[in-house]
Amino acid sequence: VDNQSGGTIDFQTGSNGASTGGVLSGNGTLSISGGTLNIGSVTSPGTFVMTAGTLTGPGFLSIVNNMTWSGGTLTGSGGTELAGTGIGSIDGANGAISPMVLDGSLGRSFNNYGTIHYTTSAAYPLLLSNGANFTTYGFFSFENDNSITGTSPSSFNVSPNGVVGKTSGSLTSTINPPFTNSGANAFAQSGTLEFAGNTTASSGGIFFATNDATLKFSGATSTFDASSLITTDASSTILFSAGNAVISGDYQVDGMTSIAAGASVDIESPDNPTTSGLLFTGGTLTVNNDFFMTGIGTWSGGAMNGSATFDVAPYATLTIDAFYSSPAIDGTSGLLFANDGTVDYTADPSSGKYLKFMNGAFLDNTGLFDIQTDAQIFAGSGVVTGSANGHRLSASDRALPGGSGRRHAVAAAQH
């Protein structure tokens, strides 16, 4: 069937169509507004509009120019693509009546080689069900505070030359299925883009945030291989709110790294991983390659461990306030806490929460360690030791007393 420009073939409620062996093409519009279309061969309309109903069958759907998906289900054993020349809108406008579903139970997938504007509201998201895979090789733009729903084995991916980004909306857009970035780009330039499923970066995959935006990782696992890059501008944030993140690639954050209770972040990168800001409120930071904080940070709870060095760089300031729990430095694997800048220790002595050096942890202090309250510093099963300007510091088994209103340096280190 050759559906030319200006023509429309519409499968309305109650109608059924089948193209089991033929080809449906042309620059006209193929519309499914409540009926069912079973395709058995290549179907390549110039424009595809789906507001309700079902597309199924073993055939391949290739949308050449324009796509509008407002409701309805794509299923069957064939594939689906928006061609590189195509522009799509997934707007969920009919989602209250007919939710948007990509159903992979028979193998249906969706490859985006063009540009998709994802503008649906949070109430009517696209659902990836039964192992459906949605992969972007072009551009997928979150343009509202909305989500992609679904769970493993479904997945939402970006592959070589592809870009997935949140471009507008001041709140959060969430990708719930597992997400793989293989040699592509994922970014936020507005609000927060959250990866709530397991996240994998490989083959040079890049994650970046700009313009006061946040990339949030909350899945059970987030794995960034040695070729990956995580970066931000000075105004933006990388937030680890839950799960276990292992970072083996380049980590260069000019903004804030935030680690919350329930998150575990393992720094394995060999390329001088750096963050300007640090907001450490809970969870675990494992430092297995030297990790540098170069700006302003706050440590309010959680534990550091690992086999390398956490360094408060020259001119940087880390405030340890123990607001949520007792910050702990665990030396079991040889972690070194190095202060080349300023550490302000401001824990409330009445809170029962204070800095702990555990298992022989070592403090190398060549900057200013300013104890501003009477809160203790506790040496658990080991001793607190350190050096500064050639002088060593040792603590009692229990505490280094502070002085409210007094300013002094651990090991008299100020330069």
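**Entry 1: ground rules**

I am working with a predicted model, where local features need pLDDT of at least 70, side-chain atom pairs count only at pLDDT 80 or more, and totals for chains, interfaces and linings use all residues. I number residues from 1 along each chain as its sequence is written, and side-chain values use heavy atoms, with hydrogens and water left out.

**Entry 2: the whole chain**

I looked up the secondary structure and found 47 strands and zero helices. Here strands (E, at least two residues) and helices (H or I, at least four) are DSSP runs, numbered from the N terminus.

Next I checked burial: 54% of the 415 residues count as buried. Buried means under 20% relative accessible area, exposed means over 50%, and partly exposed lies in between (1.4 Å probe, protein chains only).

The chain exposes about 15000 Å², and carbon and sulfur atoms supply 51% of that area. Such areas come from the Shrake-Rupley method with a 1.4 Å probe; for residues, only the protein chains shown count as cover.

I also looked at contacts (heavy atoms within 4.5 Å). Of those with a separation of 6 or more, 41% are between residues 24 or more positions apart.

**Entry 3: Asn66**

I found Asn66 in strand 6, which covers residues 66-69.

Leaving aside neighbours within four places in sequence, I see Asn66 in contact with Gly46, Thr47, Phe48 and Ile87. I also noted Gly86: 20 residues from Asn66 in sequence, with 5.4 Å from C-alpha to C-alpha.

**Entry 4: Ser70**

I moved on to the loop between strand 6 and strand 7 (72-74), where Ser70 lies. Ser70 has 6% relative accessibility, so I write it down as buried.

Which side chain makes a polar contact with the side chain of Ser70? I found that of Asp91, at 2.7 Å. A polar contact is a pair of N or O atoms within 3.5 Å; within protein, one must be able to donate a hydrogen and the other to accept it, and residues adjacent in sequence count only if both atoms are side-chain atoms.

Beyond four places in sequence, Ser70 is in contact with several residues, including Met50, Thr51, Gly92, Ser98 and Met100.

**Entry 5: Thr274**

My last stop was strand 32 (residues 274-280), which holds Thr274. Thr274 counts as buried because its relative accessibility is 17%.

Leaving aside neighbours within four places, I list its contacts as Tyr251, Gln252, Val253, Phe291, Phe292 and Thr294. I also looked up Asp311, 37 residues from Thr274 along the chain: their C-alpha atoms are separated by 9.6 Å.
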